[in-house]
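Take a look at the chain below. Keep it in view while you read this short report.

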Amino acid sequence: MVETVTAMGIVISAMPMGEYDKRVVLLTKQFGKITAFARGARRPTSQFLSGTQPMSFGEFTMYRGRNSYTITNVKVTEYFGGEMTNINKMYMGMYFLELADYYGREGIEAKDTLELLYIAMKQLSKKAIPIDLIRCIYELRTLVINGEYPNVFNCGKCGNTENLDCFDLEHNSVICSNCHGKIRKNKILNPSTVYALQYIVTAKINKLFSFNVKEEVLAQLKQVIESYINKIIHKKFNSLEFLENLY
């Protein structure tokens, strides 16, 4: 007897297969990242036409095969692609999907990853906080979920929890003023930057996007997080490269 399962998830990528079918990659709450096929999804009258687009979020009913799933029903509750009002938001959302794909693993439930991705996508459709801040929060919290985040709570040299005003990429850690000695002024972190890093690591997911920062702090957040990600992730993300080439 064929086993049928239902999972809450989001389409993180899709590609055509054959004349009318689609192969999609889903990030699901229950089963992590899975590959699924949607028969006839490219036909204009297909019930799967909208539900197999990247950024489609909802409930997917599937039967399990030997190496993949076959979708039998989709109930779309959100289509984030329709909420992205400009090219920056669209490609940032695509980058979020790519990062989720990079860390996704089959058979490992992805409740926190899916919740973070869902809320980050919702934020992109709003104007509450800058896109670059949404990116910083999403990137760092993704690292937290996957156990690869930097130390932002105590000095990587002496363990001190006070006077943390520098990030040392060699130690993957913040450093206190007593240990780093004399450094260039542009390397000194604003106390608000350190606090923001700590907040992103520890806050509940549904509270992550509830703050804003000044331009100076945002620039420092971007520098710390981007340099750290470039160190630990050896992959080029197509959507991110496109965004960077816009400017």
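This is a predicted model: local features need pLDDT of at least 70, side-chain atom pairs count only at pLDDT 80 or more; totals for chains, interfaces and linings use all residues.

**Helix 6.** Helix 6 runs over residues 215-232 and has 18 residues. From its first C-alpha to its last, helix 6 reaches 26 Å, close to the 26 Å expected at 1.5 Å a residue. Its buried residues are Val217, Leu218, Gln220, Leu221, Val224, Ile225, Ser227, Tyr228 and Ile229. An α-helix has 3.6 residues a turn, so residues three or four places apart point the same way. What do the buried residues of helix 6 pack against? Their partners are helix 1 (87-103), helix 3 (131-145), strand 6 (164-168) and helix 5 (191-202).

**Glu78.** This residue lies in strand 5, residues 69-79. Is Glu78 buried or exposed? Glu78 counts as buried, because its relative accessibility is 15% and the buried class is under 20%. Not counting residues up to four places away in sequence, Glu78 touches Met55, Ser56, Phe57, Glu83, Tyr118 and Lys122. The side chain of Glu78 makes polar contacts with the side chains of Tyr118 and Lys122.

**Glu109.** This residue sits in the loop between helix 1 and helix 2 (111-124). Glu109 counts as partly exposed, because its relative accessibility is 49%. Leaving aside neighbours within four places in sequence, Glu109 is in contact with Lys29, Gln30 and Gly32. A polar atom of the Glu109 side chain lies 3.1 Å from the backbone nitrogen of Lys111.

Here are two C-alpha to C-alpha distances.

| Pair | Apart in sequence | Apart in space |
|---|---|---|
| Glu78 and Phe37 | 41 residues | 20 Å |
| Glu109 and Ile131 | 22 residues | 28 Å |

Technical notes
Residues are numbered from 1 along each chain as its sequence is written. Side-chain values use heavy atoms; hydrogens and water are left out. Helices (H or I, at least four residues) and strands (E, at least two) are DSSP runs, numbered from the N terminus. The expected span of a helix is 1.5 Å times one less than its number of residues. Buried means under 20% relative accessible area, exposed over 50%, partly exposed in between (1.4 Å probe, protein chains only). Contact means heavy atoms within 4.5 Å. A polar contact is a pair of N or O atoms within 3.5 Å; within protein, one must be able to donate a hydrogen and the other to accept it, and residues adjacent in sequence count only if both atoms are side-chain atoms.
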